[in-house]
Amino acid sequence: MHTQQEISIGNLLVDLTNYRHGRQLSQKDARAAIIKDQGKKLVTLAEDIGKHGLNPSDLPMVVDANDDSGNYVVVEGNRRLTA
């Protein structure tokens, strides 16, 4: 079952095991891998999000980080989070 809720961006974590950027050791490493892979496309995405906001039909999917931190791991939407 899924629910929709508002979560502060500060509580969202990039998925360190996402197959698109390979297993990473830290949030910083994961974001760097996404930036390196996406390059200018990520800048374009960030500009679009800044101008138009997120598409409400394409919201990130998250799972509880299960570490009592109140954080969530983004399982779909890591590029948007990084942008």
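Colleague: Among the elements of the chain, which has the lowest mean pLDDT and which the highest?

Modeller: pLDDT is the predictor's confidence in each residue, from 0 to 100. Helix 3 has the lowest mean among the elements, 93. Strand 1 has the highest, 96. Over the chain, the mean pLDDT is 92, and 100% of the residues reach 70 or more. This is a predicted model, in which local features need pLDDT of at least 70, side-chain atom pairs count only at pLDDT 80 or more, and totals for chains, interfaces and linings use all residues. Residues are numbered from 1 along each chain as its sequence is written, and side-chain values use heavy atoms, with hydrogens and water left out.

Colleague: How many residues does helix 1 have, and what should they span?

Modeller: Helices (H or I, at least four residues) and strands (E, at least two) are DSSP runs, numbered from the N terminus. The expected span of a helix is 1.5 Å times one less than its number of residues. Helix 1 covers residues 27-38, so its 12 residues should span 16 Å. Its end C-alpha atoms are 16 Å apart, in agreement.

Colleague: Which residues of helix 1 are buried?

Modeller: Buried means under 20% relative accessible area, exposed over 50%, partly exposed in between (1.4 Å probe, protein chains only). In helix 1, Ala30, Ala33, Ile34 and Gln38 are buried. Seen down the helix axis, they fall within an arc of 115° (taken from the directions from the axis to the C-beta atoms). They therefore line one face of helix 1. Lys28 and Lys36, on the other side, are exposed.

Colleague: What covers the buried residues of helix 1?

Modeller: The cover includes strand 1 (12-14), helix 2 (40-52) and helix 3 (78-82). Take Thr82, which lies in helix 3. Thr82 has a relative accessible area of 17%, so it counts as buried. Contact means heavy atoms within 4.5 Å. Leaving out residues up to four places away in sequence, Thr82 touches Val14, Arg31, Ile34, Ile35 and Leu42.

Colleague: Where is phi positive?

Modeller: Most residues other than glycine have a negative phi. Gly39 follows helix 1, and its phi is positive, near 50°. Asn66 sits in the loop between strand 2 (61-64) and strand 3 (72-76). Asp68 lies in the loop between strand 2 and strand 3 too.

Colleague: Are Asn66 and Asp68 buried or exposed?

Modeller: Asn66 has 68% relative accessibility, so it counts as exposed. Asp68 is exposed as well, at 85%.

Colleague: What volume does the largest pocket have?

Modeller: On a 1 Å grid over the protein atoms alone, a pocket is an open set of points where a 1.4 Å probe fits, with protein on both sides within 12 Å along at least five of seven lines; lining residues have an atom within 4 Å of a point. Its volume is the space filled by probe spheres set on the points. Here the largest pocket has a volume of about 650 Å³. Its lining has 21 residues, and Gln5, Ile7, Leu59, Pro60 and Val62 lie nearest the centre. Strand 2, strand 3 and helix 3 each give two or more residues to that lining. The largest share, 4 residues, comes from strand 2.

Colleague: How far apart are Ser8 and Pro60?

Modeller: In sequence, 52 residues; in space, 12 Å, C-alpha to C-alpha. Ser8 is in the segment before strand 1. At 44% relative accessibility, Ser8 counts as partly exposed.
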